[in-house]
Amino acid sequence: MDTNQQTLEAPQAEESKKSEAPQRGAPRKFRANPLGSAFSQVTRSGLARFVAKLPLIDRFEEQLKDLSERDLRKHSLGLRHRAKSGEALHKLLPEAFALVRIAGARTMGMRHYEVQLIGGMIMFNGAIAEMETGEGKTLTATLPTYLYALPGKGVHVATVNDYLAARDAELMMPIYKMLGMSVGVIESQMSSPERRKAYSCDITYGTSKEFGFDFLRDRLLIRQTREQGLGVLGAMLAGKSEKGEEPVQREHYFSLVDEADSVLIDDARTPLVISAIPGEAEKVAVACHRWAAKSEEEFEEDHHFEYDHDKKSVELSVSGRLLVRQIPKPKLLDAVGLVDLYDYIERAIKVKRDFHSGQHYVIREGEVVIVDESTGRIAEGRKWSNGIHQAIEAKEGVEVTVATGQAARITVQDLFLRYRHLGGMTGTASSSKGEFKKIYKLNVIKCPTNRIPQRKLWPDRVFGNGEAKWTAIVDEIREIHSQGRPILVGTRTIEKSEHLSGLLEQAGIEHEVLNAHQVAAEADIVSRAGHPGKVTVATNMAGRGTDIKLGEGVHALGGLHVICTEMHDSARIDRQLVGRCGRQGDPGSTRQFMALDDDCLLVGLGPTRYKKLIAYGENRLAELPGYSKLFRKSQRKIEKKHFSDRKVLLYHEKQRKKMHREMGQDPYLDSPD
Ligand SMILES: Nc1ncnc2c1ncn2[C@@H]1O[C@H](COP(=O)(O)OP(=O)(O)OP(=O)(O)O)[C@@H](O)[C@H]1O
């Protein structure tokens, strides 16, 4: 161990002289960047301090690269020992990064690029590294993860779904293994002992949802233990309940958030909630939901109720309330107040209007499962709050999972703010810079690309109506398909992907369709989407995080062509789809199609303007090029609204927590102690 440390002291001393050089003199030129990409921006973009560390990492790498596997592991243990004895991690960074780079090259033939080392440093320094799609974020993550794992307090790598968590852990396992780090994965079906084991590893991969629910379950367990008379301290020390259950998590030390925009922003509008066991009150609530779902049809818009398109809210009119009183009700509802019944009906009407099967949710094995609109994927385990979820269940005639008497809840924001250190990475963070800073105190730092991006953005095409748009899309697919180029088409909903699939069938174009049901199969299909002549239709963000490799000969044809059939509520989501092509300097092209009856105009501009636009576009076949600005404006309005929704949620959560604290209660547990 000692020998290892000694061999490394010399370059460190040397570095302290050399690392000052860039600050005094000219900025360093990059070698591993044959195409001479974005590094000219380095000094301007505040990356200079990271760039200055690169030579030292190189030198450590040079020194260590010939060590045997055993000695590498020994060396890693040495670093661990130093971190545990209190040596500052930033001092260990160059050596740690060099070790990870060597392990990457040796085990997977992937030696971290300099831009990846910079990305790793950004994340280590508590910021979000914005790296272009396809730049290798999965590999980059190993750098700060390893470094923060050294003190042995546990690192949580959070991502958007179980599949990606397991895949990334498995992919990167050889690197960690070579350096003597243990890796665990949290999967939704796991038992408590399995979870505890995974959390006891140096590095734990999982979803934010699993990390959040485990935190809440632990919290409930600790309270239960305390109720058994041990007192908080006793409970923590004993760490066990009467049944011998123990908390599964350790401390919240460092979390690295992959797809940070999705995890920290898109998913942050609904809190994670654990429900309490149902009692009599819940039975009544179920009956109310069922009654409302059945009766909702009798209410007419503008007569019995008003619908506010801005707030997306329903309000019963006087005649609506009268109708509520007149409609027959089951006996169980006798004790329910009228005001509550109004609420149930309003909710049932809202759910019927705003929540659609196949778009917002799907029914799977008798359960309502949310489809994450931003990813087009199943959002496992999530539920809408304020009775919306139960109202949908009642509408669909599946089991109503009782109005959640909440036992424990936490927002995504609170969960990640609990970590002592937080870092993240994403391809598309800049548009949320302000929010990351304000809510999470995280800066967003753009990372240069390894190669010059070759992706071509073809001009938008706007049509008067959906029909004209779909026809043009099919024409474009036919044209590009005839050249042998692969095409990936993103749609906003499952229904629309099925619609397009029908049109392609009519046109005799062979294709594959992805839906939100099987993420693993989906990733597999998307990964083949780069083969010559392939046409793949997928909900907008299907295959997010999936690497599309170009098949043979596709490079010469111009790479993958991505067609975006409709703008999403958030520009980030559109960019993620676009990011499936032109990866790692590959060629590729993308085009955005729009029509005046697209949903994003309704949500962004309101029904009055939307109706006018529809009327204007109804019989037009020609393109309307000047209109694409209107779509972007509408999108910005929606993004602002979502941001303010998240701020409102945070405000209420803050108030709620404050109240709990003032009453001496655990802020994460809803029912009184
Ligand atoms: N240092 C490296 N050397 C060689 N290949 C690399 C290196 N880093 C990444 N790659 C390859 O680049 C491709 C893209 O990697 P990856 O899928 O992790 O990108 P990403 O940034 O996560 O993309 P997305 O934003 O779309 O999720 C993969 O095929 C990966 O193997």
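Does D302 count as buried or exposed, and how many C-beta neighbours lie inside 10 Å?

Modeller: D302 counts as exposed, because 8 C-beta neighbours lie inside 10 Å. A residue is buried if 20 or more other C-beta atoms lie within 10 Å of its own, exposed if 12 or fewer, and partly exposed in between, with C-beta atoms placed from the backbone. The model is predicted: local features need pLDDT of at least 70, side-chain atom pairs count only at pLDDT 80 or more, and totals for chains, interfaces and linings use all residues. Residues are numbered from 1 along each chain as its sequence is written.

D302 sits in the loop between α13 (280–295) and β7 (305–308). Helices (H or I, at least four residues) and strands (E, at least two) are DSSP runs, numbered from the N terminus. The phi of D302 is near 65°, which is positive although the residue is not glycine. Most residues other than glycine have a negative phi. K441 also has a positive phi, near 60°, and is likewise a residue other than glycine. K441 belongs to the loop between α18 (433–440) and β14 (443–446), and is exposed because 11 other C-beta atoms lie within 10 Å.

The expected span is 1.5 Å times one less than the number of residues. The buried residues of α13 are A285, C288, H289, R290, W291, A292 and A293. Among the elements that cover them are α15 (338–354) and α16 (388–396); the contacts behind this are pairs of residues whose C-beta atoms, placed from the backbone, lie within 7 Å.

The setting is a protein chain with 26 helices and 21 strands. Of its 673 residues, 47% count as buried. Among contacts between residues at least 6 apart in sequence, 74% join residues at least 24 apart.

Next comes the ligand. Domain 1 (2–211 + 413–446) and domain 3 (454–634) both give residues to the shell around the ligand, so it lies between them; the domain bounds come from an automatic or database domain assignment. Of the 19 residues around the ligand, M110, T133, G136, K137 and T138 come nearest, where a residue is near if its C-beta atom, placed from the backbone, lies within 6 Å. The shell divides into four nonpolar, ten polar and five charged residues. Ala, Val, Leu, Ile, Met, Phe, Trp, Tyr, Cys and Pro count as nonpolar, Asp, Glu, Lys and Arg as charged, and the others, Gly among them, as polar. The largest share of the shell, three residues, comes from α8.

T138 has its place in helix α8 and is partly exposed, because 18 other C-beta atoms lie within 10 Å. Leaving aside neighbours within four places in sequence, T138 is in contact with D168, L171 and M172. G134 lies in the loop between β1 (127–130) and α8 (137–149) and is buried, because it has 23 C-beta neighbours inside 10 Å. Not counting residues up to four places away in sequence, G134 touches D547, G579, R583 and Q584. An unreviewed UniProt entry carries a "binding site" annotation that covers Q116, G134, E135, G136, K137, T138 and D547; positions follow the numbering used here, feature names are shortened, and annotations may be inferred rather than shown by experiment.

I548 is placed in the loop between β19 (535–539) and α22 (554–557). I548 is buried, because 27 other C-beta atoms lie within 10 Å. Its contacts, leaving aside neighbours within four places in sequence, include R583 and R580.

Last is α26 (residues 628–662), with 35 residues and a reach of 52 Å from its first C-alpha to its last, close to the 51 Å expected at 1.5 Å a residue. F631, S634, Q635 and I638 are buried in α26, and what covers the buried residues includes α23 (571–578), β21 (587–595) and α24 (599–605). D569, in the loop between β20 (560–564) and α23, is in contact with C600, V603, Q635 and I638, leaving aside neighbours within four places in sequence. The C-alpha atoms of D569 and S634 are separated by 8.5 Å, although the two residues are 65 apart along the chain. Just after α26, G664 takes a positive phi of about 75°.

How values were computed. Two residues are in contact if their C-beta atoms, placed from the backbone, lie within 7 Å.
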